[in-house]
Amino acid sequence: MSEPDLRDLPPLLRVGIKGRCPHCGEGALFKGFLALEQRCEACGLDYGFADSADGPAAFIMMIAGAVVLGSALITDAYYEPPLLVLAAIFLPLMLIVSLGLMRPAKGLLIASQYRNKAAQIINPD
Ligand SMILES: [Zn+2]
């Protein structure tokens, strides 16, 4: 596969959040919730380069933690509900926000990895 021209690539945010191939924007990136396809069904791009590791989880912990925990603290400060009410509202919310962001974040990081040609440096020694 030849070197892609950045002007011909689909917008990073669109393909990343939708979970599409970072090269053509058409083929699916995921075959399960977070499992990747082997290659793009539309253009044949091998997804072997894609390894987002813990990146999406780290971003989601910071974003969901700030939003949900901040909301819980504000709710507690203004309404002073019992602890069980807070837990019943915000623990499921934390789960929903975290799982909801996981796939778009992984797609976005893999698209960014492809766009920036990020790869692990392997020492030949
Ligand atoms: Zn493709």
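**Burial and overall form**

I started with burial: 15% of the 125 residues in the protein are buried (20 or more other C-beta atoms within 10 Å of the residue's own, C-beta atoms being placed from the backbone). I'm working on a predicted model, where local features need pLDDT of at least 70, side-chain atom pairs count only at pLDDT 80 or more, and totals for chains, interfaces and linings use all residues. Residues are numbered from 1 along each chain as its sequence is written.

Next I checked the radius of gyration, taken over C-alpha atoms. The protein has 19 Å, whereas a compact globule of 125 residues would be near 14 Å (the rule being 2.2 Å times the number of residues to the power 0.38). I also got the span of the C-alpha trace along its principal axes, about 60 × 40 × 25 Å.

**Elements**

I count 3 helices and 0 strands, with the order α-α-α from the N terminus. Helices are DSSP runs of H or I with at least four residues, strands are E runs of at least two, and numbering starts at the N terminus.

**H2 against H3**

How do the axes of H2 and H3 cross? I find that helix H2 (residues 55-79) and helix H3 (residues 83-115) have axes that come within 8 Å and cross at roughly 150°. Axes are lines fitted to C-alpha atoms over the stretch in contact, with angles from 0 to 180 degrees between N-to-C directions. H2 and H3 are therefore roughly antiparallel (over 145 degrees).

Technical notes. Angles under 35 degrees count as roughly parallel, over 145 as roughly antiparallel, 65 to 115 as roughly perpendicular and the rest as oblique. A residue is buried if 20 or more other C-beta atoms lie within 10 Å of its own, exposed if 12 or fewer, and partly exposed in between; C-beta atoms are placed from the backbone.
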